[in-house]
Amino acid sequence: MEAPLLSVRELTVDFNTDAGNFRAVNGLTLDIPKGKTVALVGESGSGKSVTAQAILQILSKKARITSGSIVFNDPRGGAAIDIASLPPESDAMHALRGGRIAMIFQEPMTSLSPLHTIGDQISEALMIHSDVDQAKANQSTMDVLARVGFPDPKRALKTYPFELSGGLRQRAMIAMALITRPALLIADEPTTALDVTTQAQILDLIKELQVETGMSVLLITHDLGVVANVADEVVVMYRGRIMEAGSRENIFRNAQHAYLQALMRAVPRFAMEENERLTPIREVTSSTLASANAPERVQPKGPILKAEHLTKCFTLRSGWFSGKAQDIRAVSEVDLALPAGKTLGLVGESGCGKTTVSKIIMRALNPNSGRVLFDDGTGPKDVHKLEGDALTAYRRSVQFIFQDPFSSLNPRMTVYELLTEPLRIHDIGTSDERYERVKQLLDMVGLDQRSLRRYPHSFSGGQRQRLGIARALALEPRVLLCDEPVSALDVSVQAQVLNLLKDLQSALGLSYLFVSHNLAVVDYIADTIAVMCRGYIVEEAPKSSLFRNPVHPYTQALLAAVPDPDIDRPLDFAKLRTGRFSQPSEWPEPFRIKPGEFGLMKEIEPGHKVRVGHLTAQEAA
Amino acid sequence: MIRFLLRRIVTMGVTLLIISALVFFIIKLPPGDFLSNQIAELRAQGESASIAKAEFLIKQYGLDKPAWQQYLVWIGVMPGPNGFSGLLQGDWGWSFEYDKPVVDVIGDALWLTLLVNFAAVIFIHVVSIPIAIYSATRQYSIGDYLATFIGYIGLATPSFLLALILLYYMNRWFGVSIGGLYDAQYAGEPWTWAKMQSLLSHLLVPTIVIGLGGTAAMIRRMRANLLDELGKQYYVTAKAKGLGPTKALLKYPFRMSLNPFIADIGNLLPHLVSGSVLVSLVLSLPTVGPILLSALKSQDQFLAGFILMFVAVLTVVGMLVSDLLLAGLDPRIRMGGGR
């Protein structure tokens, strides 16, 4: 049998921290065969990224390889090299790094230097490893940029990373990694920060390039859907150890280890039953939530929150040297209705205007036209005309849960201060009453009372997000605006937070506006789903009919691009390849919307509405 | 680009106008002025010739007119006794204390000041940047602590004290004469090679004294900036490409960490003139600092006004220069939207 390209044996990596030694990777053994994709799966903190860094010897200063070997058999010939025994700054290691083993990272924005053109950064990789001049290197750079799908490679040489979209930046990263034709590509969460349609295109690109060059890929991810679609072999890690390894077929059809089984049950899937519940790896338990009663309140007759014809334009200046102003319409004629006690999911890719809508509802932004109506049982009122006490009451009723649990909690405030701050601002209760309320809130989100004196940094991402939820609940709101509340979290924790939100809703009678780019998550939590693209709501339907019968081409593309952790339902890469799904002017008739037009929502079955173009709207009239 | 420049130049003009008004009226605020004080003194002594001269000066500079008219004459938008003759026309006025035109009082001092302080700035950067890079890349090592410690001592030592100590030992060990920027024999002489040499040897002590005070602060700031950048992902990318450690460091994180310093040029330029007054006094350097101090004390209004205006011009120009440099060096500023 042919020797594998890379074989890792009993690899151990230790971190020296103030608190003592910490073993991040513990006796890891894996093989990466030539031309195959090996997926390394696990939660954050499981040691998968540290493994990748060990292979390239770019570990942080606190970490070091304490034992084991990493043997690299270069297909170009030459003796096998044990990477673990090379000094990190030796010439041999420099030659391997970027030359024979290349790496791409999760955050395409921060992984590229903002001060250098991508042409400079990509050609640099080639010039380090082969003896070429700048002109030749530029030529090769243009070739590889064209290969990874840049529309105008010549211009791309001179562009800076911040001028590119997330997808193009990741393509530039791939170009940089592949220009030296490495034998092994390490991809550390390459698509986690990208939209689903872009993710599908990037995965497709990596697969194609792999076939072309015959390289091996070590794919690090926590997304089982991605694994099911691209991996040949799967290695599951947990706390620095391998839990289970095997071929994709074996792993997905016949998961043996309890951890892997649990991981699989924690991922929301499209084919879930109506009342099926996700099983988080660690369930949140609360003693009082089950018995908690919703506060007695007058229920509105109509929807509790309603948006009518919201339109918002932003003025964009294209740099202060040219001074040309340009109007961008971020939100166009958005109509939404949120019934009391229900969840409305708002889905779309980054930049589609979904966050702008939630900010308008929160009154953080004023719309150019249209209005938001809030009904607390005394009849609908225009939110943007509220003043004085009525406004304070509205602020109490509508609270926000943020995406990033790390930056949304003030690091200098204790949990007690964080949770009582809303009460203090609204001057509610005495300090004893506030203390009682905070204890109750902590219990609702399943956190220990002992955490009251601790600071946010000592909590994990999931715990912090639960703190954020507790803070939002402090004022007994009626509506929660959740802006991507789980997209920064691991799958295992994601299930936990989603379940918590569901339980809170049924116990407290809350209404949610749930904004997300993840269709499977929205499918799990929402009752009605509105799909947004380029500021338009393109399709709105109860979730069952949206997934059964997606009508709009954009919705179809979005659904097709979600990788399902089910190997019997692979992504249709060929279909996604053609796509310009997010250009309203390029949608097929009758959906096409010309620039400057709004189109019209047309009801095709009860509750299921689709936006159609102007022409069709006239015909209908 | 051109529109941006024009807009900036117009705002600069307005800013300077406001500053000039503030400078003038603040100098005028205390009752009396240099000349009327002098005249009162001369009258008491009964010297009629000097009184006539003083009264001529009062007429010449319109000191008997209301303050706002004096101001307009000073900046050169209102005709004085000699027609339009003010800052805008390049007439910087008369120094009553020295009884000379301001140009002659400032002349040499101005460029010597620039020279001394410029040398100090160079010294600060040359010393602190390598130390900062060393400390940042070896954070919490013994070398890092040592550099920090020495830097703090430099920061905490009063500069005039250090100046005195250095002067004493320089004189004792190397025979460098004390004080001034060149040996006394060259005062008023034309610039010869010997005078230049004397200048260079005298420059050493002031440069070190003024420089050391700023070095510690600079090391700390540079180290902090660099540490922030060293943690960034793009540096890992550069290393993963196979770049050697030195080149990866200098091309990416170091380059990024320079931005705040370029933004600081606007503050640095005026400091070149008005900084280091104390050290100049102790070392009796013929720089602008002591002149400004005495001019303010004796209400020598045109001299003080001119120096302050000069500093203001340097500030405004420095800001423009640093903005242009930043735009040139950082594409995000050049092309990014100023939202």
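Predicted model: local features only at pLDDT ≥ 70, side-chain atom pairs only at ≥ 80, totals over all residues.
Chain B contains 16 helices and two strands (DSSP runs numbered from the N terminus: H or I of at least four residues for helices, E of at least two for strands). Its C-alpha trace spans about 85 × 60 × 35 Å along the principal axes. Of the 339 residues in chain B, 31% are buried, that is, have 20 or more other C-beta atoms within 10 Å of their own, with C-beta atoms placed from the backbone.

Within chain B, helix 5 (residues 102-137) packs with helix 8 (residues 193-230) at an angle of about 35°, the axes lying 6 Å apart. Here axes are lines fitted to C-alpha atoms over the stretch in contact, and angles run from 0 to 180 degrees between N-to-C directions.

Chain B also meets chain A: 26 residues of chain B are in contact with 31 residues of chain A, contact being defined by C-beta atoms, placed from the backbone, that lie within 7 Å. On the side of chain B that touches chain A, helices 1 (2-28), 9 (233-240), 10 (245-257) and 16 (331-335) of chain B each give two or more residues. Helix 9 of chain B gives the most, with six residues.

Technical notes. Residues numbered from 1 in each chain as written. Chains lettered and ligands numbered in written order. Contact = placed C-beta atoms within 7 Å. Buried ≥ 20, exposed ≤ 12 C-beta atoms within 10 Å, placed from the backbone.
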